[in-house]
Amino acid sequence: MANPIIEAKNLKKIFNSLNVFQDINLIIESGKLYSIHGKSGAGKSTLLHLLGILDTPDSGEVIVNGTSINHLSTKEIALLRGENLGFVFQSYHLNNKMTAIENVMLPLYINPNYQYEEMEERASDLLKEVGLVNKEKHFPNELSGGENQRVAIARALANNPECILADEPTGSLDEDNENNIFEIFKNIVESGRTVVVISHNEKIKNYSDACYILDNGVLKEE
Ligand SMILES: Nc1ncnc2c1ncn2[C@@H]1O[C@H](COP(=O)(O)OP(=O)(O)OP(=O)(O)O)[C@@H](O)[C@H]1O
Ligand SMILES: [Mg+2]
């Protein structure tokens with residue numbers, strides 16, 4: 001078997017005195033779509049932030065594309081993330097001082113293959129792909145919740161990352177837009193890359209190679 005794109009070993013996360021989970025193990029293989037379900041407050045976002053190396057566990061290890069983050073500096077972790085992962089945050093985390101197209105262009109600045117014009121073209125194409133036409137120059141406060149959510153998805157796709165981690169990516173979308181995003185994810189997986197989605201939506205299960213439930217600190221495959 002090729003290296004998994006993400007491997008999580010014995011992850012433990014505690015907030016103050018709240019023990020969110022203490023021994024999570026998960027292997028994310030390339031070319032698959034994983035969905036993670038569970039009740040509100042179960043720790044899904046916490047887990048996805050660890051898998052996306054946006055946060056570090058209290059103990060355990062996350063290995064991305066063969067590299068363990070345990071002995072890396074913050075800068076090295078950011079580079080590893082930028083080269084391999086795209087993250088869609090539950091609350092979008094767009095830069096409010098940047099337009100839609102500028103937000104989508106952001107991840108491309110670390111990519112030496114892109115000149116400025118190509119970055120603009122790529123970001124414009126991605127906005128069209130998520131169904132946003134004529135919204136390029138709008139700032140987040142001039143867009144609806146679902147439109148901002150789609151900008152956040154386009155941004156995560158920008159660098160063609162090996163793995164997309166998406167936290168409730170369709171929570172604010174109508175059915176047509178939701179289906180479009182699921183189809184985009186399906187195409188990503190068919191091209192050999194990987195998607196990990198947190199969702200309260202049962203429909204994503206039809207697209208998933210593996211479904212997990214996080215309950216009471218335990219991650220179980222369904
Ligand atoms: N930075 C933090 N500091 C303290 N507690 C936190 C922090 N982040 C999360 N928690 C707590 O950890 C638990 C898990 O939160 P998390 O956001 O991972 O849940 P979730 O499964 O994503 O829920 P939802 O479906 O509502 O998004 C919650 O009880 C939350 O209050
Ligand atoms: Mg969450």
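Q: OK, which residues come nearest to ligand 1?
A: This is a predicted model, so take everything here as computed. Ser40, Gly41, Lys44, Ser45 and Thr46 come nearest, out of 13 residues around ligand 1.

Q: Which side chain has an N or O atom 2.6 Å from an oxygen atom of ligand 1?
A: That's Ser40. The side chain of Lys44 also has an N or O atom by a ligand oxygen, at 2.7 Å. For the side chain of Gln90, the N or O atom is 2.9 Å from an oxygen atom of ligand 1.

Q: And how much of ligand 1 does the protein cover?
A: The protein covers 61% of its accessible area, where ligand 1 on its own has 640 Å².

Q: Which pocket is that space, by size?
A: Ligand 1 takes up the second largest pocket.

Q: Which elements give two or more residues to the shell around ligand 1?
A: Strand 2, residues 18-28, and helix 1, residues 44-51.

Q: Which element gives the most?
A: Helix 1, with three residues in the shell.

Q: What's the shell like by class?
A: Seven of its residues are polar, four are nonpolar and two are charged.

Q: What holds paired strands together in general?
A: Strands of a sheet pair through backbone hydrogen bonds, and that can be parallel or antiparallel.

Q: Back to this sheet: how many bridges are there between strand 1 and strand 4?
A: Five, in the antiparallel sense, with strand 1 at residues 6-15 and strand 4 at residues 59-64. As one pair to look up, Lys9 has Glu61 in strand 4 as its bridge partner.

Q: Now further along the chain. How many bridges join strand 9 to strand 10?
A: Four bridges, and the two strands run antiparallel. Strand 9 is residues 210-215 and strand 10 is residues 218-221.

Q: What stands opposite Asp215 in strand 10?
A: Val218 does.

Q: And what do strand 9 and strand 10 form?
A: They form a hairpin, with two residues between the strands. In that turn, Asn216 has a positive phi of about 55 degrees.

Terms used. Residues are numbered from 1 along each chain as its sequence is written. Chains are lettered from A and ligands numbered from 1 in the order in which they are written. This is a predicted model: local features need pLDDT of at least 70, side-chain atom pairs count only at pLDDT 80 or more; totals for chains, interfaces and linings use all residues. Side-chain values use heavy atoms; hydrogens and water are left out. A residue is near a molecule or strand if one of its heavy atoms lies within 4 Å of it. A polar contact is a pair of N or O atoms within 3.5 Å; within protein, one must be able to donate a hydrogen and the other to accept it, and residues adjacent in sequence count only if both atoms are side-chain atoms. Accessible areas come from the Shrake-Rupley method with a 1.4 Å probe; for residues, only the protein chains shown count as cover. On a 1 Å grid over the protein atoms alone, a cavity is a set of points where a 1.4 Å probe fits but cannot get out, and a pocket is an open set with protein on both sides within 12 Å along at least five of seven lines; lining residues have an atom within 4 Å of a point. A molecule sits in a cavity or pocket if more than half of its atoms lie within 2 Å of its grid points. Ala, Val, Leu, Ile, Met, Phe, Trp, Tyr, Cys and Pro count as nonpolar, Asp, Glu, Lys and Arg as charged, and the others, Gly among them, as polar. Two strands pair if DSSP finds at least two bridges between them.
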